[in-house]
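Please look through the model shown below before reading on. The report that follows takes up confidence, overall build, the two chains together and then a few single residues.

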Amino acid sequence: MSVSHSHPAGTHAHHELGFLRKYIFSEDHKIIGIQFLFSGIIFLLIGGILALLVRLQIGFPQGTLPHIGRWFPASWGERMSPDFYAMIFSMHATIMIFFVIIPLLTGAFGNFCIPLMIGARDMAFPKLNMMSYWFMWPAFAIILSSFFVEGGAAGSGWTSYPLLASATMSAGEGFQSPASPHSGHGQICWLAALVFVGISSMMGSVNYLTTIINLRAPGMTLFRMPLTVWAMFITAILQAMALPVLTVALILQLLDKTINTTFFLPPGGMAFGNWHTGPGGGQTLLWQHLFWFYSHPAVYIMILPAMGMVSDVIATFARKHIFGYKPMVLAIAGIAGLGFIVWGHHMFQSGMDPRLGTGFMIATIMIALPSAVKTFNWLGTIWGGNIQYTTAMLNALAFVAMFVIGGLSGIFMAATPVDVYIHDTYFIVAHLHYVLFMSSIFGIFSGIYYWFPKMFGRLMNEKWGKVHFAMTFLFSNCTFFPMHIIGVAGHPRRYYDSTLYHYLDKVQPLNQFMTISAILLGLGQIIFLINFLWSLFRGAKAGANPWHSNTLEWTAPSPPPHGNFEETPIVRRGPYEYGNPDIEEDYLPQASPQPSGVPAPAH
Amino acid sequence: MQQKGWSIFFGVVLLGEFLLFAVAPFVKGWWLPDNVSSFGGEVDYLYYVILGFTGFFFVLTEVLLVWAMYRFAWLPNTKSQYIEGNHRLELLWTIVPAGILLFIAFAQINAWEKIKYQARMPEPDLVLGVTARQWDWSMRYADEAKPENFRAWAEIPAIDDIYLPDELHCWKGGNVKIYLKTQDVLHSLFLPQLRLKQDALPGKTIPVWFQATEANVRFNEETGKCDLSDNKEWEIACAELCGGGHYRMRGLLYVHESKEDYLKWFKHAQAEARSRQPEKKPTPVVAKD
């Protein structure tokens, strides 16, 4: 890592730290952000490999994996077994959501960007910040080791619905579950790992809120904050309010599995075949409510920061003021607010009272409104701009193009009668990947290409960046778009072998096409990895402000030293002064002195 | 040109996606399966309404995006327009989508109530008990198509019930009420052609109704089997992850031409069941609340 060793004399007295304190147990928000970035990318790789295995099985359900297949737990010769398949799709989702997207967006970019963009020296609580990263490590260790416990890792879907996830043997008969070989020890590991992830995110969100409220540089009013910071701020509120519910739910299921409580095990006890579910008094639906009360806001935790980052990237490279700054802020707040009253749309077919479904449906459909407002404002921002097609910008534009698809397809599932048919088919798989892969991951790529020079002082290679972008954009669309079609045809999700069903005969060629595209998509990411690692050491040196951007982080050196700014910047205007006709340059950084002859902004 | 090339790249990919959706309805097996239920038409209609609105906004926003990418590609020594926003435009693109979304939302309510509200379910002509388990469907048929006290029958099996794995029989035009249970984990009864899906919850009995509007079998008294007409094979699937065998909970839906045909089949199946050794039946699930 080419982190600067120069320490300009600031007012903040500090001494040279040893390697361990500086890069490993660091309290510097930038290093912590980079730590989240590196671990996120490693887990992205793991999650991606799991995804390819899932796709292989769906595309070629009768196929064998010569040699490799034999190593799979419970393999059927050289084929993977249905139980193994359940394990890999469950772990794919778990890793992508809890170990990749949330840590990358809030952990990596939240940590790196917030203090720099508001002109602070560091987070409000640097030690808490360090803890929030190191609480991820028990989670990393537990989730990775869960692949090797008896029965393998969790295999009840990333949603872990009881009873599949939580049925247990009677007291004293061990933790192996009768419901599925993957819901014994693996499930306990899953629950424990997620508790750690949750605590980590919780510490992060408290820190972000405090930092944004208290540590803004002079002149940085709330409505002069870049949209990235606004998005992180509102995301932190979401996390702070929703995470306790998930943590409690995880602990309740953990108790169900370990000490035979029955929070999620229904009355009936021995009536469930020969399975012991305890004397019983709980409700399986309770888990779904608690889980989605967190996990629906979590969907917005996984998209709002990307929306904020993309807004900044688009304004920078369109060389244009963001269109409708305040409506953009209000839209983020609107999505977050409505996000708390829509969780029931995951449960329309769950056996929940259908009258509740009607209410959840109306709230859910209305959440498309702030999303539409944001899309139109992005279009307004590039309209009349002077667009520089950097890799960061291409990824940001891809975010907008793909979020439109993911947003619109959501309306189908929100509409309860249509959802009766479309629920738990591949249509939802298409939708969620258009939001979480095609939007969030493009947002993350955009952020990496954009802030890489600030993080490491070097630029990523643009040519290979564009090759990577082109491959990713093309193959991800080939991988995920046909899922809409097979979903409309009624292909259920999480099927080990759909060729048993004659009504799905005709979609199997599409499945194979998607699998091949997914493999090419995976290969494309090798270009990214090589570019990333090569640029770390050999990339062209970036100056303080390679993109001619306005926000405060670009006034600090690249990479910024400990303490970030040589002197605390004084903010004089909003973050999007691009293309102002009164001045010669096409940008005017937030902390630059007011040019003579230009009227100061009113706000 | 290299700058403008990116807008073309975006345009081509998005056009491909548009064309896939335009072509799919005409490819057999790539679109909604044939609808054979009384409320399926409404589900399909609402699907097309939403497809119309979302398709319109998809084309509108993507065309604007691609056009802007083309039109406003980088030119040296050029400045962008200096605009901070437009209050009227914001109002326009807030109020118009809000109106459309509210319309979409309220348009759903009637069909949803019709499909799922217990109070609106019609008086049944045929009552069935369906119990999901790892990994098949156990269908329970009463001696009469509709037992006198069918709500009690749903909870307490009768001595002359017959059980069939994975075969759901009913007749065209008959209102069917299923009492859906699960013996172990969550399952979800999914009948694509009926546009019907309902999760089964441990410890609960959930009523589900449908009326098939088309028949696909006729009982053949000589062979004692049901003959499929025109290869209309209508499958039942499980739509909620229920363990390793989730994918193989395949069942079949048999819609007879008439009640008489159904009864002929039923008498035959009953006689066959009685001639077999009595099997040990699964213990009934009795909800205590």
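The term pLDDT stands for the predictor's confidence in each residue, on a scale from 0 to 100. Chain A averages a pLDDT of 90, and 94% of its residues score at least 70. Over residues 1-13 of chain A, however, the pLDDT is below 50, although this stretch still has 21 contacts in the model beyond near neighbours in sequence; here two residues are in contact if their C-beta atoms, placed from the backbone, lie within 7 Å. Where pLDDT is low, the predicted coordinates should not be read in detail.

This is a predicted model, in which local features need a pLDDT of at least 70 and side-chain atom pairs count only at pLDDT 80 or more, while totals for chains, interfaces and linings use all residues. Residues are numbered from 1 along each chain as its sequence is written, and chains are lettered from A and ligands numbered from 1 in the order in which they are written.

**Chain A as a whole**

Chain A holds 19 helices and zero strands, where helices (H or I, at least four residues) and strands (E, at least two) are DSSP runs numbered from the N terminus. The C-alpha trace of chain A spans about 80 × 50 × 50 Å along its principal axes. Its radius of gyration is 24 Å, which agrees with the value near 25 Å that a compact globule of 603 residues would have; this radius is taken over C-alpha atoms, and the globule rule is 2.2 Å times the number of residues to the power 0.38.

Of the 603 residues of chain A, 64% count as buried. A residue is buried if 20 or more other C-beta atoms lie within 10 Å of its own, exposed if 12 or fewer do, and partly exposed in between, with C-beta atoms placed from the backbone. Among the contacts in chain A with a separation of 6 or more, 80% come from residues 24 or more positions apart.

**Where the chains meet**

In the model, 92 residues of chain B are in contact with 99 residues of chain A. Helix H3 (87-116) of chain B is one of the elements that each supply at least two residues to the side of chain B that touches chain A, and H3(B) gives the most, with 15 residues. That side of chain B divides into 53 nonpolar, 19 polar and 20 charged residues, where Ala, Val, Leu, Ile, Met, Phe, Trp, Tyr, Cys and Pro count as nonpolar, Asp, Glu, Lys and Arg as charged, and the others, Gly among them, as polar.

Phe473(A), in helix H17 (residues 462-480) of chain A, touches Ala398(A) and Val13(B), not counting residues up to four places away in sequence. Phe473(A) counts as buried because 24 C-beta neighbours lie inside 10 Å.

**Strands of chain B**

Which strand of chain B is mostly covered? Strand S5 (residues 175-182) of chain B has six of its eight residues buried. The table gives two pairings of S5(B); two strands pair if DSSP finds at least two bridges between them.

| Partner of S5(B) | Bridges | Direction |
|---|---|---|
| S1(B), residues 126-133 | seven bridges | parallel |
| S8(B), residues 206-211 | six bridges | antiparallel |

**Backbone details**

A cis peptide bond joins Ser558(A) and Pro559(A), with omega about -10 degrees, and Pro559(A) lies in the segment after helix H19 (508-538) of chain A. Another cis peptide bond joins Gln134(B) and Trp135(B), with omega about -5 degrees, and Trp135(B) is found in the loop between S1 and strand S2 (136-141) of chain B.

Ser160(A) is not a glycine, yet has a positive phi of about 50 degrees; Ser160(A) is found in the loop between helix H6 (136-145) and helix H7 (185-214) of chain A. Why does Ser160(A) count as buried? Ser160(A) counts as buried because 25 C-beta neighbours lie inside 10 Å.
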